[in-house]
Amino acid sequence: MARHFAIVGSGPAGIYAAERLARIAPDDRIDVIDRLPVPFGLVRHGVAADHQSTKAVTRVLGRALGRDNVSFVGNVMVGRDVALADLRRCYDAVILATGAPRDRRLGIPGEDLPGVHGSGAFVGWLNGHPDDAGLAIDLDNLTDVVVIGVGNVALDVARIFAKSPAELAAADLAPDVAEALAGLTLKSITLLGRRGPEDAKFTALELSEMGDLEGAQPVVDQQTMPPASAGEAKPLSILRGFSSAQRDDRSLGVHFLFHTRPLAFAGSGRLTGVRVVTADGTEAVLPAQLAITCIGYDSVACGNLEPASGVFANQDGKIQGGLYVVGWAKRGPSGTIPTNRAESHAVANRVAAETQAAGRPGAAGLIERVGDRIVDLDGWGRIDTAETARATGDRPRHKFTTIEEMIAAAHS
Ligand SMILES: Cc1cc2nc3c(=O)[nH]c(=O)nc-3n(C[C@H](O)[C@H](O)[C@H](O)COP(=O)(O)OP(=O)(O)OC[C@H]3O[C@@H](n4cnc5c(N)ncnc54)[C@H](O)[C@@H]3O)c2cc1C
């Protein structure tokens, strides 16, 4: 008797779990469910639009979804279209791979002002996520951007504003977003880190790219650099290089301010500045009409299952008998795409070892509950073809940003 596995979420963590189960349990069925009609989670909707080589992992992920005993079940949200308890009745084991979609908040005054956005929502807008595509991001009269955080997501956000239109020509940005970015005349981009350069979470490759841009230059105050030491981490030595570089006044400065923490967002009706304090207690207001907070993400409830401290409580991926968790929903927003692979494979091994067949209906039971709303892998293939076909210039695709458009393309 075949076993039926459901994986909730088709981001990298969910698909890597499916890939592993498909290999070690070839006679069983694996359904990868996503609330969107399109797969790949943050690889499609978070990873920087100008980093197409990173997004190319979708080819590997797509192959896993296409395996004989794997099905993509798009446009089904667990908790809205089917209760988690009902899903568990249909499947022998359920793996949650729902990510961590909620932006953490700083909890300082002015955080709800227009012009202040979390990075999850902001990159969702840039990347055409249906939840965020309609977000009121006001780029009119934008001259100064403040990015709060010193990790790779903060670099992704800063880089989108620092790159020239030519440098963004092959990014899968929506044409109207690309046009709005091209029309900007920025005066400054500032990244804020509450600790020192040695504590920044940048990786070397992403940080060094900031030093190779056509019209922008990273600016680091030499005074904030710790003394040089033999064998210091690569990102720190890159920042040191930035701090000793000759400043070219014709280029846009991307300022890295360390030991600086935001106190409040100022403005009425729209953000005008970010009040900050330095380690020695000096306060200042940085001009800004747009501030993006890049301070991490939390998981949200899946049906009536609530996360605790931003993740679903688990022991090595097990929540309770028959219910498991992988990826950001398991460990929080850390690591890279390959981190998810190793971890999801380990949890999938455990699921396969611990699950007995019990004659549950699997997909047939799910279809009975959700009806014909499902967009399957062929439907996604038609969306993919349509998005690629309507791309112009060097852009690889022009994404649909509403569920309705996606479904129409899936059925075309
Ligand atoms: C801005 C940004 C840039 C990044 N850049 C890089 C990079 O350059 N390189 C790198 O290695 N990593 C990068 N990452 C990290 C990488 O994206 C994550 O490690 C990875 O996406 C986490 O995978 P996941 O499957 O746990 O979650 P996600 O990718 O978030 O996938 C979760 C999926 O679950 C679905 N879902 C959620 N709730 C439900 C529900 N109730 N029912 C059905 N489906 C549901 C969602 O629609 C989504 O498809 C970046 C992350 C961000 C935020």
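Predicted model: local features only at pLDDT ≥ 70, side-chain atom pairs only at ≥ 80, totals over all residues.
1. Start with the domains. The domain assignment gives you two of them: domain 1 is built from two stretches, 4-101 and 297-374, while domain 2 covers 105-293. Taken over C-alpha atoms, their centres are 33 Å apart.

2. Next, look at where the two domains touch. Domain 1 puts 10 residues into the contact, and domain 2 puts in 15. On the domain 1 side, the touching residues split into 5 nonpolar, 3 polar and 2 charged.

3. Where does the ligand lie relative to domain 1 and domain 2? Both domains give residues to the shell around the ligand, so it lies between them. That shell holds 35 residues, and the closest are G9, G11, G41, G99 and G327. By type, the shell has 17 nonpolar, 15 polar and 3 charged residues.

4. Now for a sheet. You'll find an open one of 6 strands, paired in parallel, and its order reads β6-β14-β7-β8-β10-β9. At the edges sit β6 (116-118) and β9 (216-220), each of which pairs on one side only. Going from one strand to the next, the twist averages 20°.

5. Strand β6 runs parallel to β14 (residues 290-293), and 3 bridges join the two. Within this pair, V116 stands opposite A291 of β14. Helix α6 (residues 119-126) packs on the sheet here, touching both β6 and β14. The direction of α6 makes about 85° with that of β6.

6. One helix pair is worth a look too: α14 (residues 377-389) and α15 (residues 403-410). Their axes come within 7 Å and cross at roughly 105°. Angles from 65 to 115 degrees count as roughly perpendicular, and α14 and α15 are therefore roughly perpendicular to each other.

7. Which residues make the contact between α14 and α15? From α14 come G379, W380, R382, I383 and A386, and from α15 come M406, A409 and A410. Sorted by type, the residues of this contact are 6 nonpolar, 1 polar and 1 charged.

Key. Residues numbered from 1 in each chain as written. Axes fitted to C-alpha atoms, helices over the stretch in contact; angles between N-to-C directions. Helix = DSSP H or I, 4+ residues; strand = E, 2+ residues; numbered from the N terminus. Parallel < 35°, antiparallel > 145°, perpendicular 65-115°, else oblique. Contact = placed C-beta atoms within 7 Å. Nonpolar A, V, L, I, M, F, W, Y, C, P; charged D, E, K, R; others polar. Pairing = 2+ DSSP bridges. Domains from an automatic or database assignment. Near = placed C-beta within 6 Å.
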